[in-house]
Amino acid sequence: MKNLPIISVVITAYNVEKYIGRCLRSAINQTFPRQNYEIIVVDDSSKDRTKYGLELFKDEVRIIQHSERLGVAASVNTGIRASRGQCVVRIDADDYVHTEYLNIITHWSWVTSNSDGLNHLSFYHHKFNKIHDMKKLLSKIGVPLKQIISVSYTHLRAHETLRYLVCRL
C-alpha cells in the first residue's frame, strides 16, 4: 500500500487561466518532501482556458472537474472529501506561496496542536475585519474534525505569506 501524504493541498479554481500556472509551480516547488504532500485542484467549471492550464500539470496534481459551477465552498468541500492527507491546506488559485510554506505550516501545526488533534486555528476575513475560530465554525456545520489548516483569505503573496506565518509561530 502506498504511503498516505501528510498534507493535502487543496486549490479551487474558476477562470484563473492567468494565474494557475504560477500557483501550481509554487505548490509543486516546495522544500517539503514531495512524497509527503498531494496537490488537489478542483476546477469549478471554468469558462476560460483554466482547464488547459491544469492539463499541463496533470502528472503532478490531481484534477477534479465540476460539471457545473457550484461555488467556492462546494469546491473546497470537494477537495477536502478527496484528500488523503492528515492535514488540509488551502491555497487560492490566483495566489502563490513561498517555497518554505508547507515546512512552516507543518512546524506551526506540530507546535500548536492540542489534545483533540485539531489545531486551534483561525482565519482572518478581510471584508468583515474579523477573526474566525475554525474549530467553532467546523463543529457548527458538522465537518468531521480532520486537521484543517486555513491560513487566510486575504490573497497573501509569496513574500507576505512567509512573514505572516513566521509571525504566527
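Trainee: Among contacts in the protein with a separation of 6 or more, what share joins residues 24 or more positions apart?

Mentor: The share is 71%, where a contact means heavy atoms within 4.5 Å. The model is predicted: local features need pLDDT of at least 70, side-chain atom pairs count only at pLDDT 80 or more, and totals for chains, interfaces and linings use all residues. Residues are numbered from 1 along each chain as its sequence is written, and side-chain values use heavy atoms, leaving out hydrogens and water.

Trainee: How many helices and strands are there, and what order do the elements follow?

Mentor: The protein has 6 helices and 7 strands, taken as DSSP runs numbered from the N terminus (helices: H or I, at least four residues; strands: E, at least two). From the N terminus the order is β-α-β-α-β-α-β-α-β-β-α-β-α.

Trainee: Why is the link between Glu 38 and Arg 62 called a salt bridge?

Mentor: A salt bridge needs a side-chain nitrogen of Lys or Arg within 4 Å of a carboxyl oxygen of Asp or Glu. The N to O distance for Glu 38 and Arg 62 is 2.7 Å, therefore the pair meets the definition. This pair links distant parts of the chain, with Glu 38 in strand E2 (residues 37-43) and Arg 62 in strand E3 (residues 62-65), 24 residues apart.

Trainee: What makes Glu 38 and Arg 84 a salt bridge too?

Mentor: Their side chains meet at 3.2 Å, N to O. Here Glu 38 in strand E2 is linked to Arg 84 in the loop between H3 and strand E4 (87-92), 46 residues away. A search of the whole structure finds 4 salt bridges.

Trainee: Why is E4 said to be largely enclosed by the rest of the structure?

Mentor: Because 6 of the 6 residues of E4 are buried. Both faces are covered: Cys 87, Val 89 and Ile 91 are buried on one side, and Val 88, Arg 90 and Asp 92 on the other. The side chains of Asp 92 and Arg 90 also meet in a salt bridge, 2.9 Å from N to O.

Trainee: How do you know that E1 and E4 pair?

Mentor: Pairing requires that DSSP finds at least two bridges between two strands. Strand E1 (residues 7-13) and E4 have 6 bridges, in the parallel sense, so they qualify as a pair. In one of these, Val 9 has Val 89 in E4 as its bridge partner.

Trainee: Where is Val 72, and which residues does it touch beyond four places away in sequence?

Mentor: Val 72 lies in helix H3 (residues 72-82) and touches Thr 12 and Asp 44. Val 72 and Val 42 are 30 residues apart in sequence, with 9.3 Å between their C-alpha atoms.

Notes: Buried means under 20% relative accessible area, exposed over 50%, partly exposed in between (1.4 Å probe, protein chains only).
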